[in-house]
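Morning, everyone. I have one model to show you today. Here it comes.

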Amino acid sequence: MTGVAARRHLRRWTRRFREARMLVAALRFKYQPVNAHLIPIRRCNLSCSYCNEYDDHSLPVPTHEIIRRVDRLAILGTGIITISGGEPLLHPDLEMIVRHIRRRGAIATVITNGYLLTRDRIQRLNRAGLDHLQISIDNVLPDDVSVKSLKVLDQKLRWLASGATFDVTVNSVVGAGVRNPSDALTIAQRARELGFSTTVGIIHNGTGQLLALDDPQRMILEAIVALGSSAFDFANYNLFQKNLAAGTPNDWHCRAGARYLYVCEDGLVHWCSQQRGHPGIPLEEYGEHHLRTEYHRDKDCAPFCTVGCVHRVGQVDELRHDPERALGTWFAAPGEGLPPRLPVPVRVLRWAFVTSPRRGIFRKAVARIIGGRRVGIILPVRPPE
Ligand code: SF4
Ligand code: SF4
């Protein structure tokens, strides 16, 4: 095993423990955010024609301001802080921000188009303690819609495979505007070959709503979902996308504004990138009262919403609220009236924490061993340099 592979292995195990701790906290305390997207820069080096989340001119948010926002998110108890944009690699102090997220005890994630990755930048992100990096790749060859292409980015993927100690997820897209639907499958297969996780997004309209898929697009989506992952990998749970692909609304409660926060470059909290302006409250004023209100609020845009990260966060509350129903839905058998097909490890966990007469003891033991925190101040914090 090479030095990088050994370090990656070790860091992956410590990360799994921190993720488990974050999940326990999310299950114990419903009014604390699971994931917050933080925008340190709105500018992007690319201009994908479907995108409504970038401009070509704005300056990076000052680092001390971003650090303050990280602190505020930590105080709210946020488990995962995801840096996106625009293009976050354009922020000159990205590594300092990642390091600060880690110091505050949260899981640090970056979403990038990958163009600005170099071997040196990957090493700097390793040293900063980055946990996850997501790269979005739209097609195999660049076209007039997007230049985020496998042809251009394959070299970056190889550098990541050989040099990154953080987890890498490659996101591909299907839907309107993608010229060759089969590109998404080619991209996902290449990502798996290099040892990365994969997700697939459905291109949406300007408010996050579904643009209907045709038959070839639906088949490609299902093939990528079938590439699958572990039963415990909530990030790759894609049942909601199968519904969307079939044009069927999802029956779920969007917890945006509570379990998921979108903090724009101006420091305002929004439901998500596609519903900016709701509620549009400054993060420094955002508190438990707002988290409670937004947790219970019904959102009209929910049934045909395609915003995957908010759906994934919503799973935590499905599990928290009614574990039997949640597991029954996630692992439903193909035929009607058949019992759900739970994988063995899920059956064991279900017995220990849901159905066993001793479930109270098991739950207390896990809460004691793994922990989970009410607020985010658990590590000493150095002032920003
Ligand atoms: S790379 Fe990402 S942020 Fe930049 S224009 Fe494309 S989709 Fe938007
Ligand atoms: S349902 Fe939630 S995540 Fe989806 S568009 Fe509406 S507010 Fe955003």
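Start with helix α3, residues 94-103; its buried residues are Leu94, Ile97, Val98, His100 and Ile101. Buried means 20 or more other C-beta atoms within 10 Å of a residue's own, exposed means 12 or fewer, partly exposed is in between, and C-beta atoms are placed from the backbone. Helices (H or I, at least four residues) and strands (E, at least two) are DSSP runs, numbered from the N terminus.

Why do these residues sit on the same side of α3? Because they cover an arc of only 160° around the axis. That arc is taken over the directions from the helix axis to the C-beta atoms. What do they pack against? The partners are α2 (63-75), β2 (80-83), β3 (107-112) and α4 (119-128). Contact here means C-beta atoms, placed from the backbone, within 7 Å. Just after α3, glycine 105 has a positive phi of about 90°.

A word on the source. This is a predicted model: local features need pLDDT of at least 70, side-chain atom pairs count only at pLDDT 80 or more, and totals for chains, interfaces and linings use all residues. Residues are numbered from 1 along each chain as its sequence is written, with chains lettered from A and ligands numbered from 1 in the order in which they are written.

Now the whole chain. There are 13 helices and nine strands. Of 385 residues, 38% count as buried. Take contacts between residues at least 6 apart in sequence: 73% of them join residues at least 24 apart.

Last, alanine 184. Leaving out residues up to four places away in sequence, Ala184 touches Ser172, Val173, Val174, Val200, Ile220 and Ile224.

Definitions and conventions: Contact = placed C-beta atoms within 7 Å.
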